[in-house]
Amino acid sequence: MVFAATGEPTTLLPAVTTAAIERDVFDQIFLKLAEIGRDGGTFGDSGFTPELARSWEWTDPLTLTFHLDPRARWQDGPPVTAADVAFTFDAYTDSAVGSDDRTTLIEHIASVTASDSLTVVFKFRDRYPEMFYDATYHMRILPAHLLRDVPRATWQTAAFGRAPVGAGPYRFVSWTPGQSIELAADSTYFLGRPHLRRLIWRVAGNLNNAVTMVLAGEADAVEVLVTPANIAKAKADTALAIYPYAGSTYTFVRFNLRANGDRSKPHPVLADPQTRRALVLAADRPQMVQAVFGGYAKVPPGPMPQVWSWLWKTKLTPTPPDSTAAARLIHGRHLSFHLAVPSTSPTRVQYAQLLQEQYRRLGIELVIDQVDNPTLQQLLESGKFDATLESFVTDPTPSSSVPALWGRGGPTNYGQYSNEKFDALVRTASSSATQEAAQTAWEAAFAALAQDPPGIMLYALDNFAAVNRRVTDVHIQPDSWWGLVRTWRIPPNQLTERDRAGR
Amino acid sequence: MRAWLLRRVAAGIAIVFAAVSLTFVAIHLAPGQPFLPPDERPMAPEVVARLRRNYGLDRPLPEQYLRYFVQLARGELGESFSQRRPVAQAIADAVPNTLLLTTTALAIDFTLGILIGLFQAARARRRSDVALANVTLFFYSLPTFWLALVLQLVFALWLGWFPTGGVTESALYGSLPLLGRLADRLRHLVLPALTLGLVGAGGTARFQRAALLEALGHEYVRTARAKGLAERAVLVRHAWRDALLPVISLAGVALPFLLTGAVLIETVFSWPGLGKLAADAISARDYPLVLATTLLATCAVVAGSFIADVLTAVADPRVRLTA
Amino acid sequence: MTAATLFALTVVIVGTGALVSWCRRHRWGDAGRRFFRHPSAIWGLVVLVFLATVALCAPLLTPYPPYEQILALQDHPPTWLHPLGTDFFGRDVWSRLAYGARVSLGVGTLGMLVAVTLGGLVGAAAGYFRGWTDAVLMRCVDVGLSIPRIFLVLGAIALWGKLGVGALILLLGLTGWFATSRIVRSDVMSVRERPYTDAVRALGARPWWIIVRHVLPNSAAALIVSAALGIGNMMLLEAGLSFLGAGIQPPNPSWGNMIADGRDQLGTAPWATLFPGLAIAFAVMALNATGDALRDALDPKTRER
C-alpha cells in the first residue's frame, strides 16, 4: 500500500515533533494508552478505545489509574511496562527534549508513576472535562530501554528518529532519504496483525506531484486533494474512491493591532475595530471559497476547523459580505496595508490575489508580499507585519488552540489582540463540563469575536482523501489521517504485483 | 608547469574560501531562523532557545565563523537542522542522484549537440542548416522549467509512457531482478535528463557549428582541400579536432552548472538531488547544509574550469598555460 | 478582443514590418550590411520591435486591465473575446501577456544595463590599472563566477525577505556582471598598449577620462553583444525566480509568475502556462539571433565564411 506524501519527515521520534507528515508514519509504529474515538469527542473518556491500556479507572477525582495490556511488547522483544509510560511522561515534559505538548502536560498533570509493572498512576492538579483526553492523546509511549541512555539534548537528531522502534502494528523497515519510507506489518501485534503487509510512503515534494502520482497509479492513496481540479480528476478516475472527512485546518488573515515594527503604538490602520469590521465585510468569502475550492470548503463563523463538528451545529453564521456597509465604515479613506503570504502555498497565494482584487474595487490597497516560511515566522515574532495569511492545524479540542491564538497573552497571538469579554467566555467554555454547555459558551465567545474581529476567518477545508478502490474497510480519522490504516484490507483477489512483492 | 599548477591550486582554495565566507555571512544575516516545523505550528520559545544554544547559534557571529572553519579543517561538515542527521549523509544521498541525472543530460547534450553541429557545418547555408539553426535556437531559448512541465504533461500524464517523477518505483524496486531495476531507473531518468539535455544540446550545437565554420576557414583546411581530400575527410579529420577545443572548454563550464542548475528540474520531477537539497536548505535556513552545498558547488566550478584548461592545453600544444 | 484593440494590434504589426524593412533598405554602412545579411536577425528584430511596442503601448492594445478578475470565466479556453483564454482568476491571458512584456523585458533590459555598466567599469579599471587593482578585482570576479547564480540570487532573496521590482533589477544586475568584466578587461588590456593611449597620457589626461573616452568605446562592440545575449539570460532567470515565488509579486504579471500561476491547472487549462512560456522562448530567441548577428556585424575579427 503506497501513500503519496506531500513532504518528507525529518525525524520519527514522537516526542520532538507533532507535524502531520511525521505523525502519519510514527502513529503506525507507536501506540498511545487509549485512542480517541471516531467521533473525535474529548469530553470525559467516552468513545476512547483501549490501546496499550486495557482498562482504567478513577481512583479519586484527581487520580487516574491505567492497567496496561500484558500482551503488549516492543518490536525488539521486551514487554511494555509501566516504567515505559513514566519514562515517556518524563521525556515529554523535559524542556531539553522540547515537545510541543510540554506546556499542556505540565499544566494539568502533576505526576505519572508506575505502581507496578503493569499499572500506571496519573495524578492531576485540577478537575476539568478533558482530563482523560490530556492523559492519553498527546503521548506516544516510548521504549525506555532504548532511549534512557540517549542524552535528552540530542533527541532532536538522535539516530532513533531515523530507525524507530515502537509497540504498534507496524515495524520500521527502511528509509531512503528523499524517496521513500517503508514499514512492515508486525505479525506479533497483540491486537491482531494488520491486513496490509507493507506500507510505503513515497515522497512527492508537493501536493500536485502527490496527486499526479496517485492518478498515474504509482501510489495508492493521498490524504488531501484540496483543489477542485484535483477533486474532479480524482472523481473521474475510476480506479480511485473518494473519502470525505472533516478537515483539521482553518485559514485566516491575521491583523496586527500594534504598529508594524513598534509594539508600543497602535497600528495606524488596523487598530480601529470599525476598520477591521469593514475589512471583514468587504471580503466576499463565499465567492472566494467558490472560486478556489468550488464549494469544497466552508466559511467558518469563528476560528474553527470542521473537525470540531459539534461546534458547527450552533446557530452562529459567518458575517455575510456587504460591500456597501464596508464602504460606509471606511468613510472614503484610502486604506493601504501589506499582506505577507507564504510562497509555498499556492492556495493561499490565490486567495491573496482574490482578496486584493476585491479590496481594490473598494479603494483599499492591499500589497502582497510573498515570503518564505522562516521569514514569515520572523515577521510574526517580531511584530513587523500588517497582516498575514496563515493556516492552522488544530487539535481535536478548541480549548488549546483558541486561547493560544486569540486570547490575551497567548503564545501565538502575534497580532496582540485583546478582548476581555472574549477571554472570559473562552474560560467558561474551556471549563464546561458537558458538550452542550461548551457549545453554548463557544457560540457566545465567537459572537463576541465577530464584533471586534482579530482577523478574517477565510475557510475551513472539507478534506478528501483519494484511495485506490481495491482497498476496502477504509476509515479516515480526522485528526490523524492514516490512524486507522491498520484496519484496512485488500481482498486477496485484488492484490496487485506491487502488493505481492516483498511478501 | 609546476608553478602554474601550484598557483592554480592556491587560487582555487582562495576562491572557495571566499565563496563559503560570503555565504556564511549572508545566510546568517537572512531574516528568519532555522528551527521551524514543516506545517507551521510554531515551536515554543524555550525550545527554540535551547536548540540555538545546542548548535552554538547564540554566540557572536565572528566566533561562529571561526568555529565553522576550524570544524571544516577537521573535515566535519556539521549536522543538518532540517534533516536531523549529519550533513555529510544528506549530501552523500543527494549527490549520486544529481550525478546520474547530469551525466546523462550532458551525454545527451554533447552527443546530440556535436552531431547536429557537425551536420549543420557540412551543409552550411543550405535549407537543412537553416531549419536546424532555428530549431536549436528555439530549444536553447526555452525556459527549462517550462519544458519540464510540458514534457511531464504530454509524456507522463497524457501518454503515460514515463513516470511523473521520482528516481525509482520504490514499492517494486526491491523485488525486481537486476535487469528490471535497471529498466526502472532508466524509465524514471528519461524525462528529466531529456529536458536538461535538449536545452543544452541547442546551445552546444550552435557553438559547435560556429567553431567548425571558423576552423574551416583556416589555412590548413585550404591545404587539405587543395590536396584533393574529400570534404567529409577534411571536416572530420582536420577541422573537427580544432573545433572540438572550444566545445571542451564548454564542457568545463557546463559541468558545475549542471550540478546546481538543475534546481528547477529537480523540483518539477521530485528528483532528490543536490540542487533541490540546496534550494530547500536555503528556504529552511539550514545553515550547515547551505554552507556544505555551496562548498561543493564552488569546488565543482573551480575544478571544472581547471580541468577544462588542462584538457585544452593537452589537446592544443599552441596554448601555453599561463597564470 | 474588441474591434478597437484588434485594429490597434494590426497597426502595430504592419508598422513593425514596415519599420524593419525600411531599416533593411537604409544604408547603415559596413556593419549594417553584415547585420542584415542574416535572415534570422531580421526576424529577431521584427519580434523585438513588436514586443517592445506591445510593452510600451499595452493599454492601447489590451481590452482588459491585467488585474481584472472575471470569476465567471475561470480557466476559460480561447474565444473571440479572450483570444488566448483566461487564467485561474478569469483574467485575460493576452492582456496579462502584454503587460507582462513590460515587466519581463523591462527587468531584463534594466538588469542587463546595470550588469553591463558595472562589468564594463570593473573590467576597464582592472585592465587599465593592472597590478593590485587587477588582481583584487579579478579575484572578486572569480568568486562571483564560482558561486552558481541561482544560489546567489536565492540567497540574496532570503536575505531581504521580499523584493520590490527595483531591488530585483539591482540584484539581477549585481550578480550578472562577472563575465562581462572579463571580456572588457582583455579588450582594455590590448588597447592600453597602443601608441595613441600613450600619447593621450603624455598629454596629461587623467586615467578615468582616458578609460571612458578612449578605451571603453573600443569595447563597445563586445559590450553590446554581451548585453543583447545577456538580456535573454536575465529574462530566463527572472522567470525562474517568479516561478519559485521569489520574483515579481501579484497582481503584477510577469511571464514567469504567469507560468507559476497556471502550473496547477496545467492539465485543464494549459493555455495559461503555454503562452507565457512561448513568449519567453520567442523573446529570448529573438535576442539571441540579434545578438549573434550583432557580433558578426560589429566585431571584424570573427567573420564567418
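Biologist: What makes up the secondary structure of chain C in this predicted model?

Modeller: The secondary structure of chain C consists of 14 helices and 0 strands. Read from the N terminus, the elements of chain C run α-α-α-α-α-α-α-α-α-α-α-α-α-α. Along the principal axes, the C-alpha atoms of chain C fill a box of roughly 75 × 50 × 35 Å.

Biologist: What share of the residues in chain C is called buried, and why?

Modeller: A residue is called buried because 20 or more other C-beta atoms lie within 10 Å of its own. Buried residues make up 53% of the 305 residues in chain C.

Biologist: Which chain C residues are said to touch chain B, and how many are there?

Modeller: Residues are in contact if their C-beta atoms, placed from the backbone, lie within 7 Å. The contact takes 34 residues from chain C and 39 residues from chain B. Helix 6, helix 7, helix 12, helix 13 and helix 14 of chain C each give two or more residues to that side. Helix 14 of chain C supplies the largest share, 8 residues. By class, the side of chain C that touches chain B has 19 nonpolar, 10 polar and 5 charged residues.

Biologist: How many residues of chain A are in contact with chain B, and which element gives the most?

Modeller: In chain A, 47 residues are in contact with 44 residues of chain B. Among the elements that each supply at least two residues to this side of chain A are helix 1 (20-29) and strand 18 (387-393). Helix 12 of chain A gives the most, with 5 residues. The classes on this side are 15 nonpolar, 25 polar and 7 charged residues.

Biologist: Why are strand 6 and strand 7 of chain A called a pair?

Modeller: Two strands pair if DSSP finds at least two bridges between them. Strand 6 and strand 7 (residues 119-124) of chain A have 6 bridges in the antiparallel sense, and therefore they count as a pair. A:Thr119, in strand 7 of chain A, is the bridge partner of A:Asp116.

Biologist: What makes strand 4 and strand 6 of chain A edge strands?

Modeller: The open sheet has 4 strands in the order 4-5-7-6, with antiparallel pairing. Strand 4 (53-60) and strand 6 (109-116) of chain A each pair on one side only. The twist averages 20 degrees from one strand to the next. Helix 2 of chain A lies across strand 5, strand 6 and strand 7, running at about 160 degrees to strand 6.

Methods. Residues numbered from 1 in each chain as written. Chains lettered and ligands numbered in written order. Predicted model: local features only at pLDDT ≥ 70, side-chain atom pairs only at ≥ 80, totals over all residues. Contact = placed C-beta atoms within 7 Å. Nonpolar A, V, L, I, M, F, W, Y, C, P; charged D, E, K, R; others polar. Buried ≥ 20, exposed ≤ 12 C-beta atoms within 10 Å, placed from the backbone. Axes fitted to C-alpha atoms, helices over the stretch in contact; angles between N-to-C directions.
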